[in-house]
Amino acid sequence: MLSYQHAYHAGNFADVHKHLTLYAVIDYLLRKKTAITYIDTHAGRGLYPLNAQETQRLLEYREGVWPLWQAGSTPSDPLLNAWKAALTKAQTDAAILTHYPGSPWWLSHTLREQDQLRLFELHPGEHEQLNAQALSPNARRVFGDGLAGLKAMLPAVTPRLCVLIDPSYERKAEYQDVADTVAYTLEKARHGVVLIWYPLLPAGNHHRLLSSLKASGIRNIWRSELLLHEPGSQAHGMYGSGMLVINPPWGLDKRLAATMAEITPQLGATSRYQADWWVGE
Ligand code: SAM
(Lines give C-alpha, C1' and ligand atoms only; values in the text may rest on other atoms or scores of the structure.)
Protein backbone atom coordinates (compact mmCIF):
# COMPACT_ATOMS: atom_id res chain seq x y z
CA MET A 1 0.00 0.00 0.00
CA LEU A 2 1.48 3.34 -1.05
CA SER A 3 1.11 6.11 1.49
CA TYR A 4 3.45 8.80 0.13
CA GLN A 5 1.75 11.82 -1.43
CA HIS A 6 3.94 14.45 -2.98
CA ALA A 7 1.41 17.22 -2.23
CA TYR A 8 2.81 17.35 1.33
CA HIS A 9 6.22 18.31 -0.03
CA ALA A 10 5.39 20.18 -3.24
CA GLY A 11 7.71 23.06 -4.06
CA ASN A 12 10.27 22.25 -1.35
CA PHE A 13 14.03 22.75 -1.86
CA ALA A 14 14.37 19.22 -3.27
CA ASP A 15 11.73 19.93 -5.93
CA VAL A 16 13.54 23.12 -6.88
CA HIS A 17 16.85 21.26 -7.17
CA LYS A 18 15.26 18.41 -9.16
CA HIS A 19 13.21 20.52 -11.54
CA LEU A 20 15.96 23.06 -12.21
CA THR A 21 18.23 20.15 -13.16
CA LEU A 22 15.49 18.61 -15.31
CA TYR A 23 14.75 21.96 -16.95
CA ALA A 24 18.44 22.47 -17.78
CA VAL A 25 18.76 18.96 -19.25
CA ILE A 26 15.65 19.43 -21.43
CA ASP A 27 16.95 22.81 -22.59
CA TYR A 28 20.16 21.15 -23.87
CA LEU A 29 18.27 18.27 -25.51
CA LEU A 30 15.99 20.65 -27.40
CA ARG A 31 18.98 22.13 -29.22
CA LYS A 32 18.80 19.22 -31.70
CA LYS A 33 15.78 18.35 -33.79
CA THR A 34 15.99 14.56 -33.39
CA ALA A 35 13.02 13.08 -31.56
CA ILE A 36 13.21 12.31 -27.86
CA THR A 37 11.29 9.81 -25.72
CA TYR A 38 10.91 11.08 -22.16
CA ILE A 39 9.96 8.60 -19.45
CA ASP A 40 8.91 9.79 -16.00
CA THR A 41 8.79 6.63 -13.88
CA HIS A 42 7.22 8.23 -10.78
CA ALA A 43 5.06 11.07 -12.05
CA GLY A 44 2.88 12.21 -9.14
CA ARG A 45 -0.07 14.54 -9.75
CA GLY A 46 1.62 16.93 -12.14
CA LEU A 47 0.47 20.21 -10.63
CA TYR A 48 0.12 21.22 -6.98
CA PRO A 49 -2.09 24.08 -5.75
CA LEU A 50 -0.12 25.52 -2.85
CA ASN A 51 -3.27 26.23 -0.87
CA ALA A 52 -4.15 22.51 -0.74
CA GLN A 53 -4.66 21.16 2.76
CA GLU A 54 -1.77 18.69 2.42
CA THR A 55 0.69 21.34 1.21
CA GLN A 56 -0.40 23.81 3.89
CA ARG A 57 0.21 21.20 6.58
CA LEU A 58 4.02 21.21 6.27
CA LEU A 59 4.54 24.41 4.24
CA GLU A 60 7.76 23.00 2.81
CA TYR A 61 7.57 25.32 -0.19
CA ARG A 62 8.42 28.16 2.19
CA GLU A 63 11.99 26.79 2.23
CA GLY A 64 11.99 26.08 -1.50
CA VAL A 65 10.26 27.84 -4.34
CA TRP A 66 8.80 30.62 -2.16
CA PRO A 67 12.01 32.58 -1.40
CA LEU A 68 13.05 32.33 -5.06
CA TRP A 69 9.70 33.65 -6.20
CA GLN A 70 9.78 36.41 -3.60
CA ALA A 71 13.27 37.62 -4.61
CA GLY A 72 11.97 40.62 -6.51
CA SER A 73 14.82 41.35 -8.92
CA THR A 74 15.34 39.49 -12.20
CA PRO A 75 17.90 36.72 -11.60
CA SER A 76 21.30 37.42 -13.12
CA ASP A 77 21.63 33.73 -13.98
CA PRO A 78 20.01 33.00 -17.40
CA LEU A 79 18.90 29.45 -16.51
CA LEU A 80 17.18 30.61 -13.32
CA ASN A 81 15.58 33.45 -15.21
CA ALA A 82 14.16 31.08 -17.86
CA TRP A 83 13.01 28.61 -15.19
CA LYS A 84 11.18 31.34 -13.29
CA ALA A 85 9.55 32.55 -16.51
CA ALA A 86 8.31 28.98 -17.13
CA LEU A 87 7.11 28.72 -13.52
CA THR A 88 5.08 31.88 -14.03
CA LYS A 89 3.16 30.12 -16.83
CA ALA A 90 1.90 27.55 -14.31
CA GLN A 91 0.21 30.26 -12.23
CA THR A 92 -3.39 31.35 -12.56
CA ASP A 93 -2.29 34.94 -11.99
CA ALA A 94 1.27 35.74 -13.15
CA ALA A 95 1.83 37.98 -10.14
CA ILE A 96 0.97 35.38 -7.47
CA LEU A 97 2.55 32.04 -6.69
CA THR A 98 -0.53 29.78 -6.50
CA HIS A 99 0.77 26.48 -7.93
CA TYR A 100 3.92 24.44 -8.06
CA PRO A 101 4.32 22.28 -11.17
CA GLY A 102 5.57 18.70 -10.90
CA SER A 103 7.77 16.78 -13.32
CA PRO A 104 4.92 15.90 -15.77
CA TRP A 105 4.26 19.61 -16.22
CA TRP A 106 7.94 20.47 -16.77
CA LEU A 107 8.28 17.65 -19.28
CA SER A 108 4.99 18.21 -21.09
CA HIS A 109 5.49 21.94 -21.36
CA THR A 110 8.50 21.64 -23.68
CA LEU A 111 7.33 18.63 -25.68
CA ARG A 112 7.60 19.05 -29.48
CA GLU A 113 5.56 17.28 -32.14
CA GLN A 114 8.29 14.70 -32.76
CA ASP A 115 8.78 13.86 -29.06
CA GLN A 116 6.81 11.60 -26.78
CA LEU A 117 6.31 11.41 -23.04
CA ARG A 118 5.26 8.46 -20.91
CA LEU A 119 4.19 9.14 -17.32
CA PHE A 120 3.92 6.24 -14.87
CA GLU A 121 2.09 6.52 -11.56
CA LEU A 122 1.12 3.65 -9.27
CA HIS A 123 -1.01 5.41 -6.64
CA PRO A 124 -4.66 5.30 -7.83
CA GLY A 125 -5.56 8.71 -6.37
CA GLU A 126 -2.43 10.39 -7.72
CA HIS A 127 -2.96 8.79 -11.12
CA GLU A 128 -6.54 10.07 -11.18
CA GLN A 129 -5.36 13.60 -10.43
CA LEU A 130 -2.65 13.31 -13.08
CA ASN A 131 -5.30 12.26 -15.58
CA ALA A 132 -7.19 15.46 -14.86
CA GLN A 133 -4.22 17.69 -15.86
CA ALA A 134 -4.11 19.41 -19.22
CA LEU A 135 -0.93 18.07 -20.79
CA SER A 136 0.47 17.85 -24.32
CA PRO A 137 -1.31 15.35 -26.63
CA ASN A 138 2.03 13.49 -26.88
CA ALA A 139 1.95 12.76 -23.16
CA ARG A 140 0.58 9.33 -22.24
CA ARG A 141 -0.33 8.55 -18.66
CA VAL A 142 -0.04 4.97 -17.44
CA PHE A 143 -1.38 3.55 -14.18
CA GLY A 144 1.37 1.11 -13.29
CA ASP A 145 4.82 0.43 -11.92
CA GLY A 146 7.33 2.88 -13.37
CA LEU A 147 10.49 0.79 -13.22
CA ALA A 148 8.83 -2.20 -14.91
CA GLY A 149 7.19 0.21 -17.37
CA LEU A 150 10.54 1.78 -18.24
CA LYS A 151 12.14 -1.62 -18.91
CA ALA A 152 9.22 -2.63 -21.13
CA MET A 153 9.74 0.48 -23.28
CA LEU A 154 13.37 -0.29 -24.13
CA PRO A 155 14.88 0.17 -26.60
CA ALA A 156 13.05 3.44 -27.22
CA VAL A 157 11.47 4.02 -30.62
CA THR A 158 13.06 7.48 -30.96
CA PRO A 159 16.79 8.15 -31.50
CA ARG A 160 17.12 9.83 -28.09
CA LEU A 161 15.93 8.89 -24.61
CA CYS A 162 15.65 10.87 -21.39
CA VAL A 163 14.47 9.21 -18.16
CA LEU A 164 13.55 10.74 -14.81
CA ILE A 165 13.49 8.33 -11.86
CA ASP A 166 12.05 10.02 -8.79
CA PRO A 167 10.72 7.42 -6.30
CA SER A 168 9.46 8.13 -2.82
CA TYR A 169 11.86 5.47 -1.42
CA GLU A 170 9.14 4.27 0.98
CA ARG A 171 10.76 0.85 0.77
CA LYS A 172 14.50 0.54 1.42
CA ALA A 173 14.72 -1.99 -1.41
CA GLU A 174 13.88 0.78 -3.88
CA TYR A 175 17.50 2.04 -3.81
CA GLN A 176 18.66 -1.32 -5.19
CA ASP A 177 15.67 -1.62 -7.55
CA VAL A 178 16.56 1.75 -9.04
CA ALA A 179 20.23 0.78 -9.47
CA ASP A 180 19.27 -2.51 -11.19
CA THR A 181 16.77 -0.79 -13.49
CA VAL A 182 19.29 1.89 -14.45
CA ALA A 183 21.91 -0.75 -15.28
CA TYR A 184 19.37 -2.49 -17.55
CA THR A 185 18.37 0.85 -19.12
CA LEU A 186 21.96 1.74 -20.00
CA GLU A 187 22.51 -1.74 -21.48
CA LYS A 188 19.59 -1.13 -23.86
CA ALA A 189 20.18 2.58 -24.44
CA ARG A 190 23.89 3.33 -23.99
CA HIS A 191 23.57 7.06 -24.71
CA GLY A 192 20.33 7.62 -22.81
CA VAL A 193 20.27 10.52 -20.37
CA VAL A 194 19.07 9.27 -16.99
CA LEU A 195 18.25 11.52 -14.04
CA ILE A 196 17.84 9.93 -10.62
CA TRP A 197 16.69 11.81 -7.54
CA TYR A 198 17.54 10.58 -4.03
CA PRO A 199 17.05 11.98 -0.52
CA LEU A 200 19.92 12.74 1.85
CA LEU A 201 18.74 11.28 5.15
CA PRO A 202 20.62 10.60 8.41
CA ALA A 203 20.30 6.82 7.74
CA GLY A 204 22.45 7.27 4.61
CA ASN A 205 20.54 4.69 2.52
CA HIS A 206 21.44 6.53 -0.68
CA HIS A 207 24.99 5.15 -0.40
CA ARG A 208 23.56 1.80 -1.48
CA LEU A 209 22.30 3.34 -4.71
CA LEU A 210 25.57 5.17 -5.35
CA SER A 211 27.81 2.18 -4.73
CA SER A 212 25.61 -0.17 -6.77
CA LEU A 213 25.76 2.19 -9.74
CA LYS A 214 29.53 2.48 -9.44
CA ALA A 215 29.87 -1.32 -9.24
CA SER A 216 27.65 -1.77 -12.30
CA GLY A 217 30.33 -0.35 -14.58
CA ILE A 218 28.16 2.53 -15.88
CA ARG A 219 30.36 5.51 -16.85
CA ASN A 220 29.71 9.22 -16.99
CA ILE A 221 27.70 9.76 -13.80
CA TRP A 222 27.49 13.31 -12.50
CA ARG A 223 26.36 13.91 -8.93
CA SER A 224 24.77 17.09 -7.69
CA GLU A 225 23.64 17.69 -4.08
CA LEU A 226 21.81 20.58 -2.47
CA LEU A 227 22.08 20.56 1.32
CA LEU A 228 19.64 22.58 3.39
CA HIS A 229 21.41 21.59 6.61
CA GLU A 230 24.76 20.00 7.45
CA PRO A 231 24.78 16.18 7.71
CA GLY A 232 24.61 15.18 11.37
CA SER A 233 22.89 18.39 12.41
CA GLN A 234 19.52 16.63 12.77
CA ALA A 235 18.51 13.12 13.88
CA HIS A 236 15.54 12.83 11.52
CA GLY A 237 14.29 14.21 8.26
CA MET A 238 15.81 15.07 4.93
CA TYR A 239 18.82 17.37 5.20
CA GLY A 240 19.58 17.42 1.50
CA SER A 241 18.55 16.52 -2.02
CA GLY A 242 20.65 14.50 -4.44
CA MET A 243 20.55 14.14 -8.20
CA LEU A 244 22.55 11.86 -10.43
CA VAL A 245 22.66 12.58 -14.13
CA ILE A 246 24.05 9.80 -16.31
CA ASN A 247 25.34 10.98 -19.70
CA PRO A 248 24.68 14.64 -18.89
CA PRO A 249 24.74 17.10 -21.79
CA TRP A 250 28.13 18.78 -22.10
CA GLY A 251 28.32 21.93 -19.94
CA LEU A 252 25.45 21.00 -17.61
CA ASP A 253 27.73 20.88 -14.55
CA LYS A 254 29.06 24.43 -14.98
CA ARG A 255 25.67 25.85 -15.90
CA LEU A 256 23.96 24.38 -12.83
CA ALA A 257 26.83 25.39 -10.56
CA ALA A 258 26.18 29.01 -11.57
CA THR A 259 22.44 28.68 -10.96
CA MET A 260 22.91 26.97 -7.62
CA ALA A 261 25.40 29.65 -6.53
CA GLU A 262 22.60 32.17 -7.01
CA ILE A 263 19.84 30.21 -5.26
CA THR A 264 21.60 28.55 -2.30
CA PRO A 265 21.99 31.74 -0.23
CA GLN A 266 18.25 32.39 -0.76
CA LEU A 267 17.37 28.99 0.74
CA GLY A 268 18.84 29.71 4.19
CA ALA A 269 22.04 30.39 6.07
CA THR A 270 23.05 26.71 6.32
CA SER A 271 22.35 25.72 2.72
CA ARG A 272 25.16 24.68 0.42
CA TYR A 273 25.66 23.05 -2.96
CA GLN A 274 28.21 20.42 -3.96
CA ALA A 275 28.75 18.51 -7.19
CA ASP A 276 31.30 16.12 -8.64
CA TRP A 277 31.74 13.26 -11.10
CA TRP A 278 30.68 10.13 -9.23
CA VAL A 279 32.01 8.09 -12.17
CA GLY A 280 34.00 9.73 -14.96
CA GLU A 281 33.79 9.06 -18.70
N1 SAM B 1 8.27 13.10 -10.04
C2 SAM B 1 7.27 13.88 -9.32
C3 SAM B 1 7.59 15.35 -9.47
O4 SAM B 1 8.76 15.70 -9.65
O5 SAM B 1 6.67 16.16 -9.46
C6 SAM B 1 7.16 13.50 -7.88
C7 SAM B 1 7.09 12.05 -7.64
S8 SAM B 1 6.89 11.56 -5.98
C9 SAM B 1 8.44 11.84 -5.26
C10 SAM B 1 6.84 9.80 -6.15
C11 SAM B 1 5.58 9.29 -6.80
O12 SAM B 1 5.79 7.94 -7.19
C13 SAM B 1 4.35 9.28 -5.91
O14 SAM B 1 3.29 9.94 -6.54
C15 SAM B 1 4.02 7.79 -5.72
O16 SAM B 1 2.63 7.53 -5.65
C17 SAM B 1 4.59 7.22 -7.00
N18 SAM B 1 5.00 5.79 -6.94
C19 SAM B 1 5.41 5.06 -5.88
N20 SAM B 1 5.81 3.84 -6.28
C21 SAM B 1 5.66 3.80 -7.63
C22 SAM B 1 5.94 2.83 -8.63
N23 SAM B 1 6.45 1.63 -8.31
N24 SAM B 1 5.68 3.14 -9.92
C25 SAM B 1 5.17 4.35 -10.26
N26 SAM B 1 4.88 5.31 -9.35
C27 SAM B 1 5.14 5.05 -8.06
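1. Helix axes are lines fitted to C-alpha atoms, for helices over the stretch in contact, and the angles between them run from 0 to 180 degrees between N-to-C directions. In this predicted model, the axes of α1 (residues 13–29) and α10 (residues 252–263) come within 11 Å and cross at roughly 145°. The crossing of α1 past α10 is right-handed. On the α1 side the contact is made by Val-16, His-17, Leu-20, Thr-21, Ala-24, Val-25, Asp-27 and Tyr-28; α10 contributes Leu-252, Arg-255, Leu-256, Thr-259, Met-260 and Ile-263.

2. An unreviewed UniProt entry lists His-19, His-42, Ser-103, Glu-121, Asp-145, Gly-146 and Asp-166 under "binding site". From this set, His-19, His-42, Ser-103, Glu-121, Asp-145, Gly-146 and Asp-166 belong to the lining of the largest pocket.

3. His-42 sits in the loop that joins β1 (36–40) and β2 (47–49). The residue counts as partly exposed because its relative accessibility is 21%, and the buried class requires a value under 20%. Apart from neighbours within four places in sequence, His-42 is in contact with Ser-103, Phe-120, Glu-121, Leu-147, Ile-165, Asp-166, Pro-167 and Glu-174.

4. Asp-145 lies in the loop between β5 (139–143) and α7 (146–152). With 39% relative accessibility, Asp-145 is also classed as partly exposed. Residues up to four places away in sequence being left aside, Asp-145 touches Phe-120 and Leu-122. A polar atom of the Asp-145 side chain lies 2.8 Å from the backbone nitrogen of Ala-148.

Terms used: Residues numbered from 1 in each chain as written. Predicted model: local features only at pLDDT ≥ 70, side-chain atom pairs only at ≥ 80, totals over all residues. Heavy atoms only, no water. UniProt positions renumbered as here; feature names shortened; annotations may be inferred. 1 Å grid on protein atoms, 1.4 Å probe; cavity = no way out; pocket = protein on both sides within 12 Å on 5 of 7 lines; lining within 4 Å. Helix = DSSP H or I, 4+ residues; strand = E, 2+ residues; numbered from the N terminus. Buried < 20%, exposed > 50% of the residue type's maximum accessible area, 1.4 Å probe, protein only. Contact = heavy atoms within 4.5 Å. Polar contact = N/O pair within 3.5 Å; in protein donor to acceptor, adjacent residues only side chain to side chain. Left-handed = near helix turned anticlockwise from the far one by under 90°.
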